[in-house]
Amino acid sequence: MRTLVLSFLCGALFLAGCSLKVVPQQVPQGVINTADNSQTITKDGIAVTAANSDREMVSYNLDGTVTAFDVTIHNRTDREVGFGVDSFVLLDNQNRQYLPLTPERVKEIVSRDSYYLIPYPYVGFYYLEDYERTSSYTETGSQLPYYYEVYPQDIFTRALNATSVIPGAKAEGLVYFRIDLTAIKEMTLLVFRKGASKSSPPDFTFPFVISK
């Protein structure tokens with residue numbers, strides 16, 4: 001297992017993402033947790049909690065165009081329920097629609113401009129192996145920059161899988177969207193049960209305000 005050394009970018013690359021705050025707006029039957037800026041809505045025995053989780057993307061997402069929502073689904077009923085990738089739709093304050101990204105698509109997007117394209121010392125060392133490798137590389141006398149590898153496995157392992165949630169169980173994970181939060185003021189996450197028509201009202205609605 002790799003040894004984590006430093007998990008922060010240097011200088012201005014980090015500032016844009018850190019200055020944003022995504023705050024949930026109260027809805028009927030919603031319970032807001034100010035500690036993590038999440039909101040829980042319970043309907044027909046199903047409790048859904050949603051919060052923006054942009055911090056999960058900051059390790060790979062230099063251009064800021066991919067954001068994530070941390071979603072928890074608690075099935076308090078006596079029957080199986082399901083939510084697929086297509087159960088989620090995001091609307092911004094101009095009613096532009098965004099559909100979820102698959103983990104494969106997220107990896108493709110963030111890999112294009114990710115850290116392995118940026119030479120040391122402009123980013124921090126993420127793993128001890130990278131530090132040792134670049135130290136060894138420098139000792140050989142080469143003046144060329146060392147480009148290190150990125151392994152964003154968490155994009156896959158943390159993705160929400162709620163296609164089948166049995167009675168009493170919970171499913172938790174990230175839902176990804178391609179959207180630049182610096183360019184919008186508000187957004188609303190709509191959640192539909194698996195197989196429901198998008199022409200019908202959503203089962204759960206989570207509005208957020210973005211403060212900059």
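**Strands, a hairpin and a buried glutamine**

Strands β7 and β8 form a hairpin with 4 residues between them, and Asn95 in the turn has a positive phi of about 60 degrees. The strands named here are DSSP runs of E with at least two residues, numbered from the N terminus. The model is a predicted one, in which local features need pLDDT of at least 70 and side-chain atom pairs count only at pLDDT 80 or more, while totals for chains, interfaces and linings use all residues. Residues are numbered from 1 along each chain as its sequence is written, and side-chain values use heavy atoms, with hydrogens and water left out.

Leu90 has Tyr98 of β8 as its bridge partner. Strand β7 also pairs with β11 (residues 186-191), in the antiparallel sense and over 5 bridges. Here Asp92 stands opposite Met187 in β11. Strand β7 itself, residues 88-92, is mostly covered, with 4 of its 5 residues buried (buried means under 20% relative accessible area, exposed over 50%, and partly exposed in between, with a 1.4 Å probe and protein chains only).

Turning to another part of the model, 5 strands form an open sheet with antiparallel pairing, in the order β2-β3-β4-β5-β10. Because β2 (30-33) and β10 (170-178) stand at the edges with a single partner strand each, one side of each is left without a neighbour in the sheet. On average, neighbouring strands of this sheet are turned by 20 degrees against each other, direction ignored; the axes are lines fitted to C-alpha atoms, and angles run from 0 to 180 degrees between N-to-C directions. Strands β4 (residues 46-52) and β5 (residues 66-75) pair over 7 bridges in the antiparallel sense, and Ala50 stands opposite Val71 in β5.

Gln39 is buried, with a relative accessible area of 1%. A polar atom of its side chain lies 2.9 Å from the backbone oxygen of Gln25, and the Gln39 side chain also reaches the backbone nitrogen of Val27 at 3.1 Å. Leaving aside neighbours within four places in sequence, Gln39 is in contact (heavy atoms within 4.5 Å) with residues including Pro24, Ile32, Val48, Ala50 and Phe206.

Notes:
Two strands pair if DSSP finds at least two bridges between them. A polar contact is a pair of N or O atoms within 3.5 Å; within protein, one must be able to donate a hydrogen and the other to accept it, and residues adjacent in sequence count only if both atoms are side-chain atoms.
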